[in-house]
Amino acid sequence: MGQCPPFREDDFEPATQSEKETFIEVRKSMSYWQDAWRRLKKNKVAMVALGVIILFLLFAFVGPLFSPYSYEQQIRGAENLASSLAHPFGTDSLGRDLLVRVMYGSRISLAVGVIASLIVLVIGSIYGSVSGYLGGRVDDIMMRIVELIYSIPDVLVVLLLSTVLKVPLQQAFNSNNFFRFLSTLGPGLISIFIVFGMLYWVGMARILRGQILQLKQQEYVTAARALGANSSRIIRRHLLPNCIGQIIVTTMLQIPSAIFLESFLSFLGLGIAAPLASLGSLCSDALNGIYTYPMRLVFPAVILSILILAFNLFGDGLRDALDPRLKK
């Protein structure tokens with residue numbers, strides 16, 4: 001075979017303007033979080049849901065600052081008023097402004113959802129990572145415990161805890177100034193947090209266990225083990241940071257579940273203690289006058305539905321954005 005003649009300078013010509021315009025630009029290098037944010041912004045449904053969540057946060061935490069009423073203030077002669085400029089959502093049977101009570105109810109529901117999700121995050125991530133990393137017989141025993149917890153009815157546990165802990169918690173609230181501020185929440189809400197710490201972390205634990213089982217076979221984990229790193233350091237510094245996407249998504253999707261459970265239990269009278277109110281307890285109070293004053297039920301029910309829907313839609317969009325397998 002003959003050799004190709006050497007290239008000369010005359011063989012090359014500069015690209016024309018039209019050729020430069022049609023040149024396909026190579027995608028700029030970006031970090032994992034920059035790429036996730038880029039994909040999240042393309043999801044219009046998730047961005048709308050994020051905007052709704054931000055509006056609800058402002059409504060719940062900033063709105064009461066501009067209200068002339070407090071959530072427990074009773075206005076004589078203003079019982080069961082319809083919507084007006086002075087009371088946009090009307091008033092309840094005790095003359096309390098429903099708008100500010102819905103604001104505080106949204107605040108309570110959001111706070112319960114976030115705190116319960118953080119409890120699930122801490123317990124589930126520790127349990128799942130330890131189970132997945134150790135493996136073997138330890139993993140088998142820990143997963144059988146998870147399966148046992150799955151079979152426990154959560155509502156029944158809340159009912160039992162609310163009944164059993166009501167008197168001891170009330171005595172603790174009255175005898176200790178440090179815990180006295182918790183008396184405004186009531187034994188029912190404390191029981192809800194205990195139930196989340198006892199039961200609701202199992203989903204997070206199973207997800208983290210599956211991720212750790214895959215990641216612990218990677219070369220960087222073997223190298224860290226060869227350099228003398230102990231199990232705790234490997235889990236904290238190498239395994240959990242590589243599961244951050246799944247952790248964030250699972251925690252975000254846990255928030256609407258916690259909000260719904262708290263609202264459901266408050267609807268049954270097992271949640272927040274009066275005079276504080278959550279969206280569930282506001283719906284429960286409105287049942288007495290559902291035929292005469294239906295808007296007292298419509299306002300908190302619609303806000304609760306939109307809030308849960310927004311968190312679910314944003315969680316789905318966040319999952320799609322943080323999943324490397326969907327990267328384009």
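This is a predicted model: local features need pLDDT of at least 70, side-chain atom pairs count only at pLDDT 80 or more; totals for chains, interfaces and linings use all residues.
**Helix packing around α13**

Good morning. The crossing of α12 and α13 is a left-handed one.

Helix α12 spans residues 279-286, and its axis lies 8 Å from that of α13, at an angle of about 155°. Angles over 145 degrees count as roughly antiparallel, and α12 and α13 are therefore roughly antiparallel to each other. On the α12 side, the contact is formed by Leu279, Leu282, Cys283, Asp285 and Ala286, which meet Arg296, Leu297, Pro300, Ala301, Ile303 and Leu304 of α13. By class, the residues of this contact comprise 9 nonpolar, no polar and 2 charged.

I turn now to the packing of α13 with α11. Helix α11 covers residues 244-267 and helix α13 covers residues 295-322; their axes come within 9 Å and cross at roughly 170°. By the cut-off already quoted, α11 and α13 are therefore roughly antiparallel to each other. The crossing of α11 and α13 is left-handed.

Next, the nonpolar cores. How many residues does the largest nonpolar core have? It has 41, and those with the most contacts inside it are Tyr127, Val195, Phe196, Tyr200, Trp201, Ile234 and Leu239. Helices that each supply at least two residues of this core include α4 (98-134), α5 (136-150), α6 (154-175) and α11. Leaving aside residues up to four places away in sequence, Tyr127 touches Met142, Met143, Ile145, Val146, Trp201 and Ala205. A second, separate core contains 31 residues, among them Met252, Phe299, Phe311 and Ala321.

Finally, I would draw attention to Leu313, which is found in helix α13. Is Leu313 buried, partly exposed or exposed? Its relative accessibility is 32%, so Leu313 counts as partly exposed. The C-alpha atoms of Leu313 and Met47 are separated by 9.1 Å, although the two residues are 266 residues apart along the chain. With residues up to four places away in sequence not counted, Leu313 touches Val45, Ala46 and Ala49.

Thank you for your attention.

How values were computed: Residues are numbered from 1 along each chain as its sequence is written. Side-chain values use heavy atoms; hydrogens and water are left out. Axes are lines fitted to C-alpha atoms, for helices over the stretch in contact, and angles run from 0 to 180 degrees between N-to-C directions. Helices (H or I, at least four residues) and strands (E, at least two) are DSSP runs, numbered from the N terminus. Angles under 35 degrees count as roughly parallel, over 145 as roughly antiparallel, 65 to 115 as roughly perpendicular and the rest as oblique. A crossing is left-handed if the near helix is turned anticlockwise from the far one by less than a right angle, and right-handed if clockwise. A nonpolar core is a set of buried Ala, Val, Leu, Ile, Met, Phe, Trp, Tyr and Cys residues joined through side-chain atoms within 4.5 Å. Buried means under 20% relative accessible area, exposed over 50%, partly exposed in between (1.4 Å probe, protein chains only). Contact means heavy atoms within 4.5 Å. Ala, Val, Leu, Ile, Met, Phe, Trp, Tyr, Cys and Pro count as nonpolar, Asp, Glu, Lys and Arg as charged, and the others, Gly among them, as polar.
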